[in-house]
Amino acid sequence: MTQYIIRRILFAIPVLLAVALVTFALVRALPGGPFDFEGDRSLPPSVVANLEAKYHLSDPTWQQFCSYLLGDDICRPGKENNSGKGLIRGDLGPSLRYRSQTVNDIIGQALPVSAQLGFLAVMLGLFIGLPAGIISALKQNTVWDYTASTIAILGVSINNIVLAPLLIWVFALQLGWFPAARWGARPPFFLFVLPPMTSEFWTHAVLPVVALGTALSGSIARLTRASLLQVIREDYIRTARSKGLRERTVVVRHGLKNSLIPVVTILGPMFAAVLTGTFVIERIFAIPGLGKHFIESVGNRDYPVVLGTTLIFGIAIVVANLSVDILYAWLDPRIRYD
């Protein structure tokens, strides 16, 4: 297993480099530039030229990518403003919009917020989705099954764009139970990610977590139901029942564990997506997470921030998929990777 993990990490390096190259080419293909403003905010051409020279935007495209990847001292020897150390040394570059901040600073502040939101949403999705799927499968074609299936379909069908404003209108504007926007904790966090467990944090977290976790719970419930229905009809389940084992033991020990493999499969990408920022939810609730910065950086043509947030998403996908593969071996001992 150790060799498999090391091999997967080594294979991830060229994948992340390819992600960086494609993203770099795509953001450069966008019309306009980071210093193109309209109306009264427009800058004189000489100022734009100086800013582009400062951030190396006037260099050839291949040299810009080389500097981003390997550092200015390797790709721009003998030239001015060679402060960039490159991606290989952990330097994601300066932000072109927030001049006093680097991309490392922005991600360091935004990623923990997105991770807190995503973790709570996934926990809510599992807390609702797994029991609903299990009850629905064990009580197939009963009122319990129909109720749980209907709720799951509603959870999947109602988009976040609809649910989030509805929650704000009912619980924030009409009832006044929860705040309508912002996040209840600010960096620095304990161990870089753990927020203070204050009432302010929880009251701000309720609405965005419910808006995000509801859709996740619907998907988890439907997949759990379908997988468990298939597993409990297998021969080894009949054998376990014929031995006189209690129904709870048969379902929990022999059925549920094997039925979770398809659920774990979707949890990997799902967990990575919500951990690295949910664009719509963070935008609606004005949460200063990674998704909000990604959207703003695309509109502002802030190339380094777009590249940095995309790479973080790629790393999260790689780590999540690797974790899923490791969980496979725990759920089904027949699976071996060595």
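Mentor: Happy to! H3 supplies the largest share of the largest pocket's lining, four residues. Helices here are DSSP runs (H or I, at least four residues), numbered from the N terminus. Keep in mind that this is a predicted model, where local features need pLDDT of at least 70 and side-chain atom pairs count only at pLDDT 80 or more, while totals for chains, interfaces and linings use all residues. Residues are numbered from 1 along each chain as its sequence is written, and side-chain values use heavy atoms, with hydrogens and water left out.

The pocket (an open set of points on a 1 Å grid over the protein atoms alone, with protein on both sides within 12 Å along at least five of seven lines) has lining residues with an atom within 4 Å of a point. There are 27 of them in the largest pocket, and Tyr55, His56, Asp72, Gly93 and Pro94 lie nearest its centre. Two or more lining residues come from each of helix H1 (2–29), helix H3 (61–70) and helix H13 (303–331). By class, the lining holds nine nonpolar, eleven polar and seven charged residues; Gly is counted as polar, and Tyr and Pro as nonpolar.

A cavity, by contrast, is a set of points where a 1.4 Å probe fits but cannot get out. One cavity of 30 Å³ or more is counted, and the largest cavity has a volume of about 50 Å³. Its lining consists of Arg97, Tyr98, Ile106, His293, Glu296, Ser297, Asn300, Asp302 and Val305. Helix H12 (residues 290–300) contributes the most to that lining, four residues. The classes there are three nonpolar, three polar and three charged.

For packing, look at helix H6 (residues 143–157): its axis and that of helix H8 (residues 199–231) come within 7 Å and cross at roughly 135°. Axes are lines fitted to C-alpha atoms over the stretch in contact, with angles from 0 to 180 degrees between N-to-C directions. The contact (heavy atoms within 4.5 Å) involves Asp145, Ser149, Ala152, Gly155 and Val156 of H6, facing Thr214, Ala215, Gly218, Ser219, Ala221, Arg222 and Arg225 of H8. These residues split into four nonpolar, five polar and three charged.

H6 also meets helix H5 (residues 103–138), with axes that come within 8 Å and cross at roughly 145°. Here Ala132, Ile135 and Ser136 of H5 touch Trp144, Asp145, Ala148 and Ser149 of H6.

Terms used
Grid points are joined across faces, edges and corners, and a volume is the space filled by probe spheres set on the points.
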